[in-house]
Amino acid sequence: MQFGLLGTGFQLFGYEEKLQSNPLQHLFEVYVQVNKEAADDKSVAKAAQEFFQRLELGDVQALSLWQKFRDLSIEEYIRVYKRLGVYFDEYSGESFYREKSQEVLKLLESKGLLLKTIVTFSNF
């Protein structure tokens, strides 16, 4: 849900200029602000949940914003790590496994080993 909050927060409070000049600081500020708003305003929390759902469903606009945040963050990580003399061959997170997990789910389903459950969160 963090990316739902961040995406919604950027749409509400973000500035492209600040994002380009100091990406991690601006994303941090947006994230803190949207968390405060979501705690007080359930419509902000609902918007964040909806943004996250759009992201999970592959919505082009949501994915584009996520990709921008990811790319800018990795550029900053590389800059900081370089100063420390640390280098990585690859930067991957959970999203790297999205396609791979779909293959596993299909395999489990084909073998009758997949149990589908619906989870409802009533506090949102």
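Glu50 counts as partly exposed because its relative accessibility is 36%, a value that comes, like every other one here, from a predicted model. The partner of Glu50 is Lys46, and in the salt bridge between them the closest N and O atoms are 3.0 Å apart. Both residues belong to helix 4, where they are 4 residues apart, or about one turn of the helix. Lys46 has a relative accessible area of 46% and is therefore partly exposed as well. Side chains of opposite charge can pair when their charged atoms come close.

In all, the structure has 4 salt bridges, and a further one joins the side chains of Arg54 and Asp59, with a distance of 3.5 Å from N to O. Arg54 is partly exposed, with a relative accessible area of 29%, and Asp59, at 28% relative accessibility, also counts as partly exposed. Another of these bridges links Glu76 with Arg79, whose closest N and O atoms are 2.9 Å apart. These two residues lie 3 residues apart in helix 5, so about one helical turn separates them.

In soluble globular proteins, nonpolar side chains tend to be buried together. Here the largest nonpolar core is made up of 12 residues, among them Leu6, Phe10, Leu27, Phe51, Ala62, Trp66 and Leu72. Which helices supply at least two residues each to this core? They are helix 1 (2-13), helix 3 (23-40), helix 4 (42-56) and helix 5 (60-84), and helix 5 gives the most, with 5 residues. Apart from this core lies another one, of 7 residues, which includes Val34, Ala38, Ala45 and Ala48. Returning to the largest core, one of its members is Ala62, and when residues up to four places away in sequence are not counted, Ala62 touches Phe51, Arg54 and Leu55.

With a relative accessible area of 4%, Thr8 is buried. Leaving aside neighbours within four places in sequence, Thr8 is in contact with Val34, Val44, Ala47, Ala48 and Phe51. Among these residues, Phe51 is part of the largest nonpolar core, while Val34 and Ala48 are part of the core of 7 residues. A polar atom of the Thr8 side chain also lies 3.4 Å from the backbone nitrogen of Ala48.

Val104, Leu105, Leu108, Leu113 and Leu114 make a nonpolar surface patch of about 390 Å². Leu108, one of these residues, is found in helix 6, which covers residues 98-110. At 31% relative accessibility, Leu108 counts as partly exposed, whereas Thr8, at 4%, is buried.

Key. Residues numbered from 1 in each chain as written. Predicted model: local features only at pLDDT ≥ 70, side-chain atom pairs only at ≥ 80, totals over all residues. Heavy atoms only, no water. Core = buried A, V, L, I, M, F, W, Y, C linked by side-chain atoms within 4.5 Å. Buried < 20%, exposed > 50% of the residue type's maximum accessible area, 1.4 Å probe, protein only. Contact = heavy atoms within 4.5 Å. Patch = residues over 30% accessible without salt bridge, like charges linked within 9 Å, V, L, I, M, F, W, Y side chains within 5 Å. Areas by Shrake-Rupley, 256 points an atom, 1.4 Å probe, with all protein chains shown as cover. Polar contact = N/O pair within 3.5 Å; in protein donor to acceptor, adjacent residues only side chain to side chain.
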